[in-house]
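Trainee: I would like to go through the terms used for this model and set each one against its definition. Please start with the contacts.

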Amino acid sequence: MKALTILYDELCPLCVRCRSWMLDQPSYVPLEFLPCGSEKAKERYGAVPWLGAELVVVSDDGDVWVGAAAFLMCLWALTGWRAWSYRLSGPTLAPLAERFFHGISSRRRALGALLGPPACPVGGCRAEHHAAHAAPYR
């Protein structure tokens, strides 16, 4: 494996923040971040049934990880977090890591509304626009 593509929800402020954080981290492999709602994502990965509903990571070899497994692959790719990816995928912590990811993921819109998106250097980010015009989350 030489590269990973991370398909994230560009309308979710939490997802946009996570992408921004990952971009600031050194990685072992090149990371391509692709908004799941983009035409490029639909052209390349439209057959992936979880596109837009879950975090999806695809290797340049064609392997696909979804949800908690995709989260662990994101950690695996980052220089400072690979050891944690191994710890969290082991038999003792894997159930906890999966529950943690699903808990965050199922509440990502509410968490994103609390945090807001990171500032966009050029303005006009879709997540900022969406968050500013969305109905309050209840």
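Mentor: Residues 24 or more positions apart make up 63% of the contacts with a separation of 6 or more in the protein chain, where contact means heavy atoms within 4.5 Å. This is a predicted model, in which local features need pLDDT of at least 70, side-chain atom pairs count only at pLDDT 80 or more, and totals for chains, interfaces and linings use all residues. Residues are numbered from 1 along each chain as its sequence is written, and side-chain values use heavy atoms, with hydrogens and water left out.

Trainee: What is the order of the elements in the protein chain?

Mentor: From the N terminus they run β-α-β-α-β-β-α-α-α-α-α, which gives seven helices and four strands. These are DSSP runs numbered from the N terminus: helices are H or I with at least four residues, strands are E with at least two.

Trainee: Why is helix 3 called largely enclosed by the rest of the structure?

Mentor: Eight of the 10 residues of helix 3 (residues 68-77) are buried, so the description applies. Buried means under 20% relative accessible area, exposed over 50%, and partly exposed in between (1.4 Å probe, protein chains only). The buried residues of helix 3 are A68, A70, L72, M73, C74, L75, W76 and A77. For the protein chain, 36% of the 138 residues count as buried.

Trainee: What makes helix 1 and helix 6 roughly perpendicular?

Mentor: The axes of helix 1 (residues 13-23) and helix 6 (residues 108-115) cross at roughly 70° and come within 7 Å. Axes are lines fitted to C-alpha atoms, for helices over the stretch in contact, and angles run from 0 to 180 degrees between N-to-C directions. Angles under 35 degrees count as roughly parallel, over 145 as roughly antiparallel, 65 to 115 as roughly perpendicular and the rest as oblique. Helix 1 and helix 6 are therefore roughly perpendicular to each other. P13, L14, C15 and R17 of helix 1 meet R108, L111, G112 and L115 of helix 6.

Trainee: Which residues touch the most other members of the largest nonpolar core?

Mentor: Among its 18 residues, they are L4, I6, M22, V57, W65 and M73. A nonpolar core is a set of buried Ala, Val, Leu, Ile, Met, Phe, Trp, Tyr and Cys residues joined through side-chain atoms within 4.5 Å. Strand 1 (4-8), helix 1 and helix 3 each give two or more residues to this core, and helix 3 supplies the largest share, five residues.
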